[in-house]
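Welcome! Please take a look at the sequence and the structure shown here, and then we will walk through them together.

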Amino acid sequence: MASPLYRVLKDSEVPPGGWRWRHPKSGRMFSRETFADLLEGVQRTLLNLGEDPALASSQIHQATAESLIHQGREDLVQVAKEVPRSAGQYASGAKAAFLKWWRESPVYGLISGKVDRGEEVFVGQAEADRRASICAGCPHNVIPAGKGWLQNWTDGQMLKSVEGRKTASHERLGVCEVCSCELRAAVWWQADIIATTTRDAKFARHLPAPCWKRKILTL
Ligand code: SF4
């Protein structure tokens, strides 16, 4: 039998153990202290997986509430009503959320600023190939199955950001399930862009030792 839908009573407070979300493909649990911090990352990950980013809030409430119940804190949880979304709402919500995220994202602002100042935005072919070959052999590189319109559209936006550049491992790259990056684009960005788009310094510990991104974030 499916688990009931839960909500945490107050999303302005930090629940015992923090706010939680379970990655739908890997089962990995993520947690952050504030709801807002976790929400942004979950929305981006759902977009990269080709899923509806509007589900982020209810998924975070569900995972956090289940953890609270496990801790014996049912007093902080209530049963929620499911509000079905139509296919049209899904499509327009997902597209609007992605556009908003992309235009407001640190990487968009940083790339635009560098271009305006005439500075180099991308690493060279050899460095991008090196990074891409590490990702290609990494178990966290996930090729999304059954690409739908949203995934294709998202990938298109990301690939546009690197102006069609390709590495030797281009066809073997998908999405990083740890940092949720579109890897075919991310391997081209310079270190300061990678560092700026990762706001949480503690995040690096979730990346495996051979990861090129981990090395940038722990310099
Ligand atoms: S963990 Fe690092 S090496 Fe692995 S896929 Fe993600 S970015 Fe690439």
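## A first look

How many helices and strands are there in the chain? The chain has nine helices and six strands. Please keep in mind that this is a predicted model.

Of the 219 residues of the chain, 27% count as buried. Among the contacts with a separation of 6 or more, 68% are between residues 24 or more positions apart.

## Helix H5

Let us turn to one helix. H5 (125-136) is made of twelve residues, and from its first C-alpha to its last it reaches 16 Å, close to the 16 Å expected at 1.5 Å a residue. Its buried residues are Ala128, Arg131, Ala132 and Cys135.

What do the buried residues of H5 pack against? Their partners are strand S5 (141-142), helix H7 (183-186) and helix H9 (212-217).

The largest nonpolar core has 21 residues, and Cys176, Cys181, Leu183 and Val187 touch the most other members. At least two residues of this core come from each of H5, strand S6 (175-176), H7 and helix H8 (191-196). H5 gives the largest share, three residues. A second, separate core has nine residues, including Trp19, Phe35, Leu46 and Ile60. In soluble globular proteins, nonpolar side chains tend to be buried together.

Leaving out residues up to four places away in sequence, Val187 touches Ala128, Arg131, Ala132, Cys135 and Thr167.

Is Val123 buried or partly exposed? Val123 is partly exposed, because 19 other C-beta atoms lie within 10 Å, while a buried residue needs 20 or more.

Val123 and Trp188 are 65 residues apart along the chain, yet their C-alpha atoms are separated by 5.5 Å. Beyond its neighbours within four places in sequence, Val123 is in contact with Ala128, Trp188 and Gln190.

## Around the ligand

Which residues come nearest to the ligand? Of the 13 residues around the ligand, they are Cys135, Cys138, His140, Cys176 and Cys211. Sorted by class, the shell around the ligand holds ten nonpolar, two polar and one charged residues.

Terms used. Residues are numbered from 1 along each chain as its sequence is written. This is a predicted model: local features need pLDDT of at least 70, side-chain atom pairs count only at pLDDT 80 or more; totals for chains, interfaces and linings use all residues. A residue is near a molecule or strand if its C-beta atom, placed from the backbone, lies within 6 Å of it. Ala, Val, Leu, Ile, Met, Phe, Trp, Tyr, Cys and Pro count as nonpolar, Asp, Glu, Lys and Arg as charged, and the others, Gly among them, as polar. Helices (H or I, at least four residues) and strands (E, at least two) are DSSP runs, numbered from the N terminus. A residue is buried if 20 or more other C-beta atoms lie within 10 Å of its own, exposed if 12 or fewer, and partly exposed in between; C-beta atoms are placed from the backbone. Two residues are in contact if their C-beta atoms, placed from the backbone, lie within 7 Å. The expected span of a helix is 1.5 Å times one less than its number of residues. A nonpolar core is a set of buried Ala, Val, Leu, Ile, Met, Phe, Trp, Tyr and Cys residues joined through C-beta atoms within 7 Å.
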